[in-house]
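Hello,

Here is the structure I promised to pass on. Please open it and keep it beside this email as you read.

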Amino acid sequence: WRAAQAPPSDYTVFIHVFDSSGNLAAQFDGQPFENNYSTRRWTRNLYASYDMPIQLPATLSAGAYQLFLGVYNSATQERLALPDGSDNRLFLGQVNIAER
């Protein structure tokens, strides 16, 4: 992450995992750095990198899944739009889950 400016609010990051039918299969929502570094404390041009673990259900079927990333205001639940205004979540790619 790079903060182009100091964020005016606390934000929560989410990762959503969708199956091939568009159903939400798993998700992670959390404040940066496991709730230890609120975005309200970020400064302009701060660079931040951290892991965001996502727990996949044990019943998850093998197949292709799409990953999306987004950010929302923790107080209002309003999602932030992408810089180009095209959407409120970023497509990260597709992953294939093998049989267990």
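Below are the findings, from the whole chain down to single residues.

First, the ground rules. This is a predicted model, where local features need pLDDT of at least 70, side-chain atom pairs count only at pLDDT 80 or more, and totals for chains, interfaces and linings use all residues. Residues are numbered from 1 along each chain as its sequence is written, and side-chain values use heavy atoms, with hydrogens and water left out.

**Overall layout**

The protein has one helix and four strands. Their order from the N terminus is β-β-α-β-β. Helices (H or I, at least four residues) and strands (E, at least two) are DSSP runs, numbered from the N terminus. Along the principal axes, the C-alpha atoms fill a box of roughly 45 × 30 × 25 Å.

The protein has 100 residues, and 32% of them count as buried. Buried means under 20% relative accessible area, exposed means over 50%, and partly exposed is in between (1.4 Å probe, protein chains only). The accessible surface is about 6600 Å². Carbon and sulfur atoms hold 49% of that surface. These areas come from the Shrake-Rupley method with a 1.4 Å probe; for residues, only the protein chains shown count as cover.

Now look at contacts (heavy atoms within 4.5 Å). Take those between residues at least 6 apart in sequence: 66% join residues at least 24 apart.

**The largest pocket**

How much space lies in the largest pocket? About 610 Å³. A pocket is an open set of points on a 1 Å grid over the protein atoms alone, where a 1.4 Å probe fits, with protein on both sides within 12 Å along at least five of seven lines; lining residues have an atom within 4 Å of a point. Grid points are joined across faces, edges and corners, and the volume is the space filled by probe spheres set on them.

The lining has 23 residues. Closest to the pocket centre are W1, R2, A3, V71 and L80. The largest share, three residues, comes from β3.

By class, 17 lining residues are nonpolar, four polar and two charged. Nonpolar covers Ala, Val, Leu, Ile, Met, Phe, Trp, Tyr, Cys and Pro; charged covers Asp, Glu, Lys and Arg; the others, Gly among them, are polar.

**Two loop residues**

N45 is in the loop between α1 (32–35) and β3. Its phi is near 65°, a positive value in a residue other than glycine. N45 counts as partly exposed because its relative accessibility is 37%.

Q77 is in the loop between β3 and β4 (90–97). Phi of Q77 is near 70°, also positive in a residue other than glycine.

Best wishes
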